[in-house]
Amino acid sequence: MTTLPDGRYVDSTPYEPDTGAEARNAELDMPNWMLVWLRFKEHRLGLISGLFLLISYVMLPFAGFISPYTANERAPDHLYASPQGIHLFHEGKLIGPYVYPITAEVNLETFSWEYTADLENPAKLEFFCEGSYYKLAGFIKSNRHLVCAPEGATIFLFGADRLGRDVFSRILYGAQLSLTVGLVGITVSFLIGIVLGSIAGYYGGFLDWIINRVIEILRSLPELPLWLALSAAVPSHWGPVSVFFIISIILGILDWPGLARAVRSKFLSLREEEFVRAAEMMGAKPSRVIRKHLLPNFLSHLIASATLSIPAMILGETALSFLGLGLRAPAVSWGVMLNDAQNLASIEIYPWTAIPMLPIVFVVLAFNFFGDGLRDALDPNRA
Amino acid sequence: MVILRFAVFRFITMLATLVVVSVMIFAIINLPPGDYLSNQINELRATGQSSGVAKAEFLRTEYALDRPLWNQYLIWMGFAPGPHGFSGLIQGEFGWSFEFDRPVSDIVGGALWLTVLVNVAAILFVYMVALPLGVLAAARSKTWIDYTSAFVGYLGLATPNFLLALILFYYGNRYLDLPIGGLMDPKFEGEPMSYEKMKSVLVHMIIPTFVIGTSGAAAMMQRLRANLLDELGKPYVETARAKGMSETRMLVKYPLRVAFNPFVADIGTLLPAMVSGSVLVSVVLGLQTIGPFLLTALKSQDLFLSAFVLMFVAALTLVGTLISDLLLALLDPRIRFGGRST
């Protein structure tokens with residue numbers, strides 16, 4: 001203990017550095033995305049869903065490689081073939097993954113196909129084998145498949161549909177359209193929503209009034225009948241790609257009001273802030289103020305809420321295709337596939353034609369959980 | 001008096017909205033190139049049936065389809081005189097269905113009431129399910145009740161309506177002996193309303209109501225739960241508990257009332273979703289609502305029929321929203337006096 005000239009006391013023992021401080025303050029020094037990631041990680045369900053979605057989307061370009069058949073490849077001898085299991089042990093002996101070949105027979109009493117498995121001759125599956133040609137990621141032509149059935153046997157994991165096409169392969173191909181339709185749609189809705197919402201919120205006055213009325217009107221109308229009406233207007237001679245894009249645009253075009261309303265209300269509260277006044281006084285143009293000063297404030301939050309409207313679009317595409325007004329036959333999507341399962345008879349006799357509903361349910365659930373987690377993680381006012 | 005003024009104001013707004021919507025619908029319907037009659041005329045010409053061409057041409061002038069689009073719209077709405085004077089929607093003339101070759105009002109007549117009935121039933125179902133479940137899930141949050149209801153709710157949100165319909169139909173018929181297809185026994189069709197018919201309709205409505213309502217109920221339940229949980233964290237709840245009020249009484253008396261407001265207000269977003277769902281489910285299940293007519297009309301470009309059905313669907317949601325707004329104004333004085341926050 002020493003006494004300073006002015007009479008204060010100072011402890012003379014050497015100063016001990018606070019070892020815990022760095023660790024304690026680590027969170028304060030982290031970049032924002034890291035904080036978001038830390039909070040997102042706590043949301044277990046959201047994390048799992050996010051992983052599932054990531055895997056699904058990464059898989060899309062390789063659908064042709066993973067699936068044993070191509071989307072429109074027909075097996076005329078195996079119409080409505082029932083699902084085949086993959087076995088490992090034949091009569092107690094391990095012989096690696098194999099299937100039993102199946103042969104079709106018409107049951108003339110019920111007029112349906114019946115399949116009998118040939119339990120004597122297990123057909124060993126081949127890996128990295130050559131099958132029919134497809135385009136990897138849309139441009140690399142290849143005929144390598146991850147797995148295929150040997151000569152004389154088939155591998156229909158989820159059965160075959162009414163034309164003898166493999167349901168499993170078609171689900172993988174269908175994912176390419178069904179999963180991207182929501183992304184394209186949300187982009188459209190995002191662009192319209194942000195532009196109109198920020199105009200309404202920033203300028204106010206008459207423009208705001210007009211945009212607000214449009215939002216109210218669109219929100220008060222049932223979506224599906226309008227979707228139906230719009231997609232009925234798509235000319236029937238258009239190719240699958242144009243139909244795909246126009247359908248996704250149709251899905252997006254009715255979705256923006258919710259987003260625009262959120263943007264507008266944020267703008268209304270933010271535009272009175274000092275930093276906006278300052279930017280304006282320094283001569284920034286409205287478009288610059290909107291882009292550089294206002295939007296970044298809540299863009300991440302908007303993305304999270306956009307994630308939550310993707311499922312609605314996926315379901316919308318499914319419904320439209322199911323009713324025959326969405327994507328059309330040579331194109332494969334989950335809705336187009338479900339078109340086959342439209343009547344009770346097929347669900348009763350061939351329940352596997354309804355399998356495409358499982359990926360729909362999983363993806364929609366995953367988007368919901370993922371969006372919830374993301375929103376919680378990004379919400380600065382979280383408890 | 002204030003409430004009356006509010007009602008009149010909202011009514012006028014609704015009418016204005018309907019007019020805007022009618023323009024939009026007419027434009028959308030006319031988007032595809034060509035129309036039913038010109039398609040038919042082309043087809044008849046190609047096959048060389050000139051008598052049919054004359055009839056189609058006659059219908060074309062009869063329904064003013066040879067005039068410019070804006071004029072067609074005005075005639076269709078009844079704002080401008082057509083070939084037979086004013087005869088549009090506002091005069092109660094719904095036009096002619098070329099596909100069915102009958103007046104539109106003949107075709108959709110009975111279906112309109114059934115559409116309203118199905119939707120009202122679905123709304124009631126949503127409230128009856130969502131209210132108790134939402135309250136229960138909030139009051140017993142983080143218990144198995146909460147988790148189960150959340151799980152079922154999510155599943156309801158994620159399953160496409162039409163598939164749920166098919167599956168429930170199949171199992172309902174198999175195990176509960178519920179009837180398949182339609183909204184009533186075929187023998188009652190066209191019969192006057194009787195007790196038996198009523199019963200048949202009710203039994204037929206179980207599954208459609210359930211299917212249409214599930215996703216709405218799930219969303220509503222989650223919202224009610226969230227609202228209620230917010231309220232439950234507030235100090236006045238603590239006070240009530242500290243004073244020894246029983247949990248149920250406290251819940252019903254204070255937080256539920258506050259959380260209830262958005263519940264009623266939500267009907268505005270609920271209703272469009274319901275109507276969407278009912279159109280889809282009707283097509284799948286073959287209910288005699290206007291859903292199936294809409295689909296056939298849209299596919300064959302039957303101008304007046306599809307326009308009328310779309311108008312009706314829009315009007316249905318708008319009227320429903322109007323009613324809910326008025327109810328809300330009765331419930332919550334802030335809305336009446338404050339006007340809309342813009």
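These legends describe close-up views of a predicted model.

**View 1. Chain B as a whole.** Chain B holds 15 helices and two strands. Its C-alpha atoms fill a box of roughly 90 × 55 × 40 Å along the principal axes. Of the 342 residues in chain B, 37% are buried. Take the contacts in chain B between residues at least 6 apart in sequence: 69% of them join residues at least 24 apart.

**View 2. The largest nonpolar core.** This core has 172 residues. B:Ala165 and B:Val309 touch the most other members. Helix H5 of chain B, residues 104-139, gives the largest share of the core, with 16 residues. In soluble globular proteins, nonpolar side chains tend to be buried together.

**View 3. The surroundings of B:Val309.** Which residues are in contact with B:Val309, once its neighbours within four places in sequence are left aside? They are B:Val108, B:Ile290, B:Phe293, B:Leu294 and B:Ala297.

**View 4. B:Ala273 in helix H12.** B:Ala273 lies in helix H12 of chain B. Is B:Ala273 buried or exposed? B:Ala273 counts as buried because it has 20 C-beta neighbours inside 10 Å, and a residue needs 20 or more to be called buried. B:Ser215 is 58 residues away from B:Ala273 in sequence. In space, the two are 8.9 Å apart, C-alpha to C-alpha.

**View 5. Where chain B touches chain A.** The contact takes 37 residues from chain B and 29 residues from chain A. Six helices of chain B each supply at least two residues of the side that touches chain A: H1 (2-29), H6 (144-158), H7 (161-175), H12 (267-285), H13 (290-299) and H14 (303-331). By class, this side of chain B has 29 nonpolar residues, seven polar and one charged. Helix H12, one of these suppliers, is also the helix that holds B:Ala273.

View 6. Strand S5 of chain A covers residues 102-107, and strand S6 of chain A covers residues 112-117. The two strands pair in the antiparallel sense, over six bridges. Which residue of S6(A) is the bridge partner of A:Glu105? The partner is A:Glu114.

How values were computed:
Residues numbered from 1 in each chain as written. Chains lettered and ligands numbered in written order. Predicted model: local features only at pLDDT ≥ 70, side-chain atom pairs only at ≥ 80, totals over all residues. Pairing = 2+ DSSP bridges. Helix = DSSP H or I, 4+ residues; strand = E, 2+ residues; numbered from the N terminus. Core = buried A, V, L, I, M, F, W, Y, C linked by C-beta atoms within 7 Å. Buried ≥ 20, exposed ≤ 12 C-beta atoms within 10 Å, placed from the backbone. Contact = placed C-beta atoms within 7 Å. Nonpolar A, V, L, I, M, F, W, Y, C, P; charged D, E, K, R; others polar.
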